[in-house]
Structure formats: structure tokens, C-alpha cells
Amino acid sequence: MQPTSTVDRPAAPPAPDSRTFARAFGDVRDAWRQRELWGHLGWQDIKQRYRRSVIGPLWITISMGTTALALGLLYSQLLGQELSTFLPYVTVGFIVWNFILGVVTEGTEVFIANEGLIKHLPSPVTVHVLRMVWRQVLFFAHNLAVYVVVLIVFFPALTEEYRMEGDTVLHPGISWTVLLALPAFVLLVVNAVWVALLFGIISTRFRDIPPVIHSFIQLVFFMTPIVWHVGVLNKFTDGEASWKILIAEFNPIYHFLEIVRAPLLGQQQEWHHWVVVGSFTVIGWALALLALRNYRARVSYWV
């Protein structure tokens, strides 16, 4: 018989843990813990952008107010809408749209734009996403001043029951349901993080994605009910627009827009918008965490 060897065989090397969901969740968790860092950086981004401006970030509000007023006046005449209800509709739509637009366009370049910090600052990659989203939240807060002004001017018309031209739904007017805009916006921000994470990672690897997104988003604007109302489809098609309304229903941005806009305008709540947004939240975060799990460590090399 052969003698049994007493020498232990070398242990197998441990399996790498860089591509695990635990590390992906850890990246998001650690980034949240560093909120003082990305909160300060996001605020500094705004101060730096308007550093030599006389009125500073108020230019954000002035630009938003001018655009909403001009398009609201124009499209209210073209579509035969009542100005007292249509101008607030366009204004709130623009405010929410600008937040979504900023998240999508800047999200595609969030890692590319922070190349220096990624290579020299040892921090989770999600920090750069939270910094960008926080900056967009601050822009949104500035733009809310326009909503307050419009609300004061058209308050009597928005607190009574009203119906948009061509719409079959009677809206109850602004009441306590305006508070639903707060959880709706929080949900919008939660989705903004996964959008920036997912598209940011993909765009860092494939540099053709940002210009494609920038071009496509312009088309999405005109296909989204921002300067036009869904009820207009009924008005110009003799009420036989059920299939055309699917143009809006199949547009995910329409649902994100409505959960915030409807309570701010006292409009009838369509709860299927919340269901669609909730579904996108779950699916989107699953895809973002999968991308973060597989490619988090490669971002610093791709930039």
C-alpha cells in the first residue's frame, strides 16, 4: 500500500466577490452614507454655474417662467383651451419635464463628466449619480417658484370644478390631494437614480449612446402631453380617438409626468399611472443593480 501523504494540498483561491449583488447594494448604501459629500458637491455645481451672474440661480426660474408663459399663450390659442386652466397645465408639465430631461441627458454622461473624481477620489460610483440627481432636485425647487406664481394668479379657476377642452373628465379642483405630489416626486427621484445609473454605465462603455439619447429625447417631448392635452385627441377626432390615446399611454414619461402634475392642478387622479410607475421602478432598479453588479469595477477604466 502507498503511504498516505501528510502534506496538505493548497487551498483553492477564494472566489472573487467584486461581481455580487452584495457589492452592488453596498455601493448604493455607502453612497447614501456619504450624502454630505454629494450634497455639498451638487450645491457647489449650481453656485459655480452662476458664479459671476448678478441674480444667480434666479435665471433658472426666469427661463422656466418665460418659456411656460410663451408656449402656454400660444398653444392655448391654437388648441382652443381656456387660459386659466391650460397655462398652469403647461407650466407644471414643463417643470416636471425639465427634471426628467436633466436626469436623462446628464445621466448618460454622469461618469464621463466626473472622470477626474472617479480616478482620484476613492468613493462609490453611485456618489456621482446622487450628486447629479440632487442638482436636478435643486433646479426643480427653483422652478417651483413659477408654479406658485401661476397658482396665485389662477387660484379661483383651479379651486373650482373644471374640465379641459375636449376632455370628458370633470376635475375636482385643488384640495388636500395636492399633498400627493410629494410622494409622487419622491418616487420620481427614486427612478431618476436608477435611470442615471443604468444609462450612465452603458454610455460610459458605448460613447455613441449620449448623442442618440439627446436626439431621441426631442422627439419624446412632442409625443408627450406637455403642451397638449390628451383630451385634444377626442376633440379633433369626433370622440373616436381611443386607439390614438394609446400614443400617450405607451409613453412611460406620460405616467411619470401625471403622478406629479395631476395633484398639483387638482385634476382627477388616474391610479393606473401609479401602477405603471411602480412597475417601472421595480424593473428599472433590477436592471440598474444588475449593471452595477457586473460593471461597477470597470467604470474607472472605461472613463
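This is a predicted model: local features need pLDDT of at least 70, side-chain atom pairs count only at pLDDT 80 or more; totals for chains, interfaces and linings use all residues.
Residues are numbered from 1 along each chain as its sequence is written, and side-chain values use heavy atoms, with hydrogens and water left out. Local features need pLDDT of at least 70 and side-chain atom pairs count only at pLDDT 80 or more, whereas totals for chains, interfaces and linings use all residues.

Two packed helices are described by the angle between their axes and the distance between the axes. For helix H3 (residues 58-78) and helix H6 (residues 126-153), the axes come within 8 Å and cross at roughly 55°, and H3 and H6 are therefore oblique to each other (angles under 35 degrees count as roughly parallel, over 145 as roughly antiparallel, 65 to 115 as roughly perpendicular and the rest as oblique). Contact, meaning heavy atoms within 4.5 Å, is made by Ile60, Thr61, Met64 and Gly65 of H3 and by Phe139, His142, Asn143, Ala145 and Val146 of H6.

Across the whole structure, a search finds eleven aromatic pairs, where rings of Phe, Tyr and Trp (its six-membered ring) pair if their centres lie within 6.5 Å, and planes under 30 degrees apart count as stacked, over 60 as edge-to-face and the rest as tilted. Phe94 and Phe221 form a tilted pair, at 5.8 Å centre to centre with 45° between the planes, and this pair links Phe94 in helix H4 (residues 83-107) with Phe221 in helix H9 (residues 209-223), 127 residues apart. Phe94 is buried at 6% relative accessibility, and Phe221 is buried at 13% (buried means under 20% relative accessible area, exposed over 50%, partly exposed in between, with a 1.4 Å probe and protein chains only). Phe94, Trp97, Phe221 and Phe222 form one aromatic cluster.

Technical notes. Axes are lines fitted to C-alpha atoms, for helices over the stretch in contact, and angles run from 0 to 180 degrees between N-to-C directions. Helices (H or I, at least four residues) and strands (E, at least two) are DSSP runs, numbered from the N terminus.
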